[in-house]
Amino acid sequence: MQFALNEDARLASAAARDLFRELGDADREAVARGLKDGGWFDVTRDGGPIVGVLAAEQAGWSGLAFPFSEQALAAPAALASAVSDGYSPPATEPGRVAPAAVSAAVDGLRGREPLRAARLPAGWAVSGTAWPVVATSGVAQWLAVATSAGSGEPCLFAVPRGKVEAMSSLDPAVEVWRVDFEGVVAAAERLPTRALQSLVDWGAAGAAAEMLGAAQRLLEMSIEHAKQRIQFGHPVGGFQAVKHHCANMHVLVEAMRASVWGAAEALASDSPPSEAVSVAKSYCGTAAKQVAKTSLQVHGGIGFTWEHPLHRHLKRIERLTSEFGDARWHRARLLASVEGVT
Amino acid sequence: MELTDSAELAAFRSRVATWIAGHLPPGWDRHSVPTEDERWASFGRGWERDLHAANLNGVSWPASAGGQGLTIDHEVVVLEEMARANVPESINNMAKTMFGPTLMDHGSDQQRKRYLPGILDGTTVWCQGFSEPNAGSDLAGVEARGEAAEDGGYRLYGQKIWTSLAHRADWMFALVRTEPGSARHKGLSFVLLDMKQPGVEVRPILQIDGLSEFNEVFFDGALVATNGLVGEPGEGWAVAMTMLGYERGLAHVGRYLRFQSQLDDLVSLARRLEVGGRPAIEAYGQRLMAVRAEIEVYRLATYRLLSEQVSGPAGSVVKLFWTEMLQRMQALAVEIVGELNVAGGGPLPQAEVWEGRYLASLSRSRAGGTSEIQRNIIAERLLGLPR
């Protein structure tokens, strides 16, 4: 039993950290280029799940202006899974494939209709509108979750980019779109069934890891603030009420870390990863929001200003809680997995 | 990162599981018997003895200390399989996970030979004499005193409190003030004494759950023999700190399996029974699974603590997590059981067991260091906030 990072993983994590910090203030195009040149779009293949989640954590920490879990983890992992099951994808530049309509299909919540897929003599037609879709503007292809008219089962389809319309995004680090699939006729290809599973599991593990990174950053910022802010003649971090807020954040962050490593370990091993992933995604979603709220409290008024970076991490967390299945959906998946308990 | 057993460890696990299945007497595998019950104590001693005879007690201890010289992973396997089989928690937990290793670090050869074998073969049950009426969270406030005796030992005077299982214990390790006029961390000594002697009086404390697991212990001239001092005189604080460092790792191992099994019972109950004409699982499924996720996180956090072999403040993190998770779980359990009792028009057969667990869980945010002290430790020693 060994539940600690080895030297290789530490080095990979440090490499991600250095690059992502450097890219911190770059524009979106430069970030995408930096990720491509650094080989981070191949991390699922070259580094595996452990390095993948460590990189996602660093993306969250640095507030990287890129949907890392979506386009560097979930989409490449789903494509790789499909390829291993016999699918031949069209040549697409790395990092330019993004998931779409995942939440609508897995959650079936918030009144959104999932996309529909219908079989044609050659290929499939995907119809419907997906929103909000988090993706970079340079996306060339969607991996869209659609429900096929026949079976009613959600499946993953590779669909060329069509009409998109920009939407406002709570999280300023990413762009959000309304994607219109009407008129994409006979151009969609259905991927083997395991690809959807890979997409959701890798995406959810990555989102949990990004939330971990963001929460870690908020904790560090809170400690720094608590050491420097003087009130009543003392650093506020010396007051027990503030200390305990920080300690509580630390406990949450370390628990998130254990859950994220557990999800990565399950993705790396032969055992079905869904349970460990659902543990991580549901736990991190709840814990990260708690950290964000506590961090805001420790910072006092300054944390509520646009000028202070706190809100960027808070908003990243808020966005990620609902991507690749929210806590409610993952708990339902856990409940379904409690077998033999009747 | 590797959470799967090696082939060798898997074989060991299966051997342990088989042994437990063949030796656990009927009736001991499901319902916990209260620790104040006389049957618990006699079972506990017998179980330690049998485990030792089968070479399964203290497997990671060196052979010279009566162990098997195997790895911590083997120790984890034994603890997990016992938890999986619902074997009652060891009567000598504290000695096996904390005191024994401390004696290996700080004890003399003679002390190790004299005391370690009895921990594993079930003949000597130990209790911890640290807390006092005026030394709780502030342990350095210890006032019980040891006066030098003619033969080089000490005579003890004063009082200990919240002493778990003092009424079952044969021996006590204690922190006492041996230098008159000394203050705080200086002048304390770590001593060993026989509980079955004149000058030691144990008075049980009745707890809110109706049990009496802890006690007051009064010393009136109780003798600490010549070889009963561990480490140097007046340097007991360092020995005590070594011991508290050992508190954190193995103590957690296996608990997650016990909680998992309890949670499965709750899920099963909620699936079978109805509230307001609907299966109770519809109302409680989400909260039950939130706890289930936390149990799994607790398991992983325990593995990480063991793998990284860190001591001290990192242990406070897991202790705090465990405490809060456990209290949330038991509070949810009594809520569900209570609701089902009302809906079913009468108490469920297991209602009292759940109530007992709930009340016991309430003690965890103080026992072994209050949650507030754990938070101070984390904030000051891990996060570097001002003292």
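**Exercise 1.** Which residues line the largest cavity?

*Solution.* We're working with a predicted model here. Start with the count: there is one cavity of 30 Å³ or more. Next, its size: the largest cavity has a volume of about 40 Å³. One stretch of the lining gives Trp40(B), Phe43(B), Gly44(B), Trp47(B) and Glu48(B), and the rest comes from Pro88(B), Glu89(B), Ser90(B) and Ile91(B). Finally, sort that lining by class: you get five nonpolar, two polar and two charged residues.

**Exercise 2.** Work out how helix 3 and helix 7 of chain B are arranged.

*Solution.* First find the pair: helix 3 of chain B covers residues 72–84, and helix 7 of chain B covers residues 255–272. Their axes sit 8 Å apart, at an angle of about 20 degrees. Angles under 35 degrees count as roughly parallel, so that's what we call helix 3 and helix 7 of chain B. As for handedness, helix 3 of chain B passes helix 7 of chain B in a right-handed crossing. Who touches whom? Helix 3 of chain B brings Glu80(B), Met82(B), Ala83(B) and Arg84(B), while helix 7 of chain B answers with Tyr256(B), Leu257(B) and Arg258(B). By class, this contact has four nonpolar, no polar and three charged residues.

**Exercise 3.** Look into the backbone at Pro132(A) and at Phe324(A).

*Solution.* Pro132(A) belongs to strand 4 of chain A, residues 129–134. You'll find Phe324(A) in the loop between helix 10 (310–322) and helix 11 (327–337) of chain A.

Definitions and conventions: Residues are numbered from 1 along each chain as its sequence is written. Chains are lettered from A and ligands numbered from 1 in the order in which they are written. This is a predicted model: local features need pLDDT of at least 70, side-chain atom pairs count only at pLDDT 80 or more; totals for chains, interfaces and linings use all residues. Side-chain values use heavy atoms; hydrogens and water are left out. On a 1 Å grid over the protein atoms alone, a cavity is a set of points where a 1.4 Å probe fits but cannot get out, and a pocket is an open set with protein on both sides within 12 Å along at least five of seven lines; lining residues have an atom within 4 Å of a point. Grid points are joined across faces, edges and corners, and a volume is the space filled by probe spheres set on the points. Ala, Val, Leu, Ile, Met, Phe, Trp, Tyr, Cys and Pro count as nonpolar, Asp, Glu, Lys and Arg as charged, and the others, Gly among them, as polar. Axes are lines fitted to C-alpha atoms, for helices over the stretch in contact, and angles run from 0 to 180 degrees between N-to-C directions. Helices (H or I, at least four residues) and strands (E, at least two) are DSSP runs, numbered from the N terminus. Angles under 35 degrees count as roughly parallel, over 145 as roughly antiparallel, 65 to 115 as roughly perpendicular and the rest as oblique. A crossing is left-handed if the near helix is turned anticlockwise from the far one by less than a right angle, and right-handed if clockwise. Contact means heavy atoms within 4.5 Å.
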